Structures are given as structure tokens and as C-alpha cells.
Amino acid sequence: MIRKSFLSLGMLAALTVTFVAYAVRVGNAAPDFTGTDSNGKTHKLSDYRGKYVVLEWTNNGCPYTQKHYESGNMQALQKEWTDKGVVWLTVLSSAPGEQGYMTALQENTYVGKERAAPTAAILDPTGTIGHAYEAKTTPHMFVIDPSGKLIYAGAIDDHATTDPGDIKSSKNYVSDALNESMAGKTVATSYTRPYGCSVKYAGN
């Protein structure tokens with residue numbers, strides 16, 4: 001019995017190590033993925049090698065997401081950085097029937113209404129991309145450098161509230177990471193705890 005228990009614990013430890021080894025980590029290569037956007041176009045992360053990429057998890061029913069869209073903050077960030085050649089992919093990982101789930105038509109209508117300016121809105125109703133990045137909240141932000149390395153993961157800023165009045169005085173981690181990396185500097189804050197609504201994966 002003791003031998004069996006020992007072997008079981010050993011196997012469990014091996015499985016745990018395997019899981020940790022494949023977890024998303026700042027400084028490692030960002031997980032490659034293939035996704036289809038709201039216009040039916042296929043996007044593969046590796047196709048954007050040589051460019052900075054921002055991944056933004058979103059849910060239009062979440063008050064934390066609404067804070068940044070209804071204020072125009074997210075749209076301003078999208079436009080600022082895409083104008084500088086950054087690829088900005090908004091990702092929707094809400095499952096059908098869950099808050100934030102959108103069909104392609106619904107998402108295009110929403111993007112037009114909000115005057116959003118991402119490079120594309122990736123529909124991920126199975127949560128495949130979300131789970132690959134361990135996306136936890138909306139918003140949850142990731143910045144990938146031209147070599148394909150993840151250089152930032154976490155919150156959009158340092159005010160974890162739903163109050164748009166906080167935005168002007170907030171430290172924007174995404175912009176800081178892009179500015180510092182583009183200037184050849186090390187990203188000072190490469191990881192923060194994300195805040196927002198939980199991503200509405202299937203079965204949650």
C-alpha cells in the first residue's frame with residue numbers, strides 16, 4: 001500500500017511539473033493560435049512575427065469592459081497603437097448563452113456602434129485561445145513583442161474599479177509596456193493581476 005501511494009504521488013508530481021512547464025509566462029514565447037474574426041478572416045499569431053501584438057479579452061456585458069468602452073478609452077488605445085503598426089486583436093471567449101457571447105454580425109454591429117478600432121475581433125466561443133493564454137478576466141491584456149515573446153500580461157491599468165473617472169489618473173500598463181519595449185528598454189512592470197469580470201467560458 002505504501003509503495004502504491006508513493007508511486008501515485010510521484011505520478012501526480014510529474015503531471016504537475018508538466019502543467020507548469022506549459023503554462024503561459026512573461027518572457028516565454030506566446031502560445032501560437034489560429035482564430036477567425038467577425039468578418040470570417042483567419043488570423044494566426046505567427047503570421048504577425050515582426051510586429052507588436054496586443055491581445056484584449058472582452059465582454060460587452062461586463063461593467064469593467066463598459067468602463068473602458070463607454071468612456072472611449074479602449075478605442076483611443078486601439079487607434080493610437082494600430083496607427084503605430086501594432087496589431088490589436090480583441091478576443092471574445094464567452095461561450096454561447098453566456099454574457100458577452102456575440103455572433104459575427106452582433107460583434108460587427110457593436111464595433112461600429114462603439115467606433116472601436118482593433119485590427120480584428122477574434123471569435124473564440126469554444127474558449128480555445130482563452131484557455132491557451134489562461135485569460136481570466138475582461139479585460140485581460142497581453143503584449144507580445146516582434147520576436148513572439150510575451151512581454152506583458154495582466155490588467156489594463158492600476159485602478160481596479162468600474163468608475164470611468166479613474167482613467168485619467170491611471171497608470172496604463174499596456175501603453176507603458178509598448179513604449180518601453182519600442183524604446184529598447186526592459187518592461188518595468190511585466191505582470192500585474194488582472195481585474196474585471198471572469199471570462200465566461202463554457203461550463204463556468
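Tutor: Let's start with Pro 63, which counts as partly exposed because its relative accessibility is 37%; buried would mean under 20% relative accessible area, exposed over 50%, and partly exposed is in between, using a 1.4 Å probe and protein chains only. Keep in mind that this is a predicted model, where local features need pLDDT of at least 70, side-chain atom pairs count only at pLDDT 80 or more, and totals for chains, interfaces and linings use all residues. Residues are numbered from 1 along each chain as its sequence is written, and side-chain values use heavy atoms, with hydrogens and water left out.

Now find Pro 63 in helix H2, which covers residues 63-70; helices here are DSSP runs of H or I with at least four residues, strands are E runs of at least two, and both are numbered from the N terminus. So what does Pro 63 touch, leaving aside residues up to four places away in sequence? Its partners are Thr 162 and Cys 197, where contact means heavy atoms within 4.5 Å. Look at Asp 163 too: it is 100 residues from Pro 63 along the chain, yet their C-alpha atoms are separated by 9.1 Å.

Among contacts with a separation of 6 or more, 73% join residues 24 or more positions apart. The chain has 6 helices and 9 strands, and 45% of its 204 residues count as buried.
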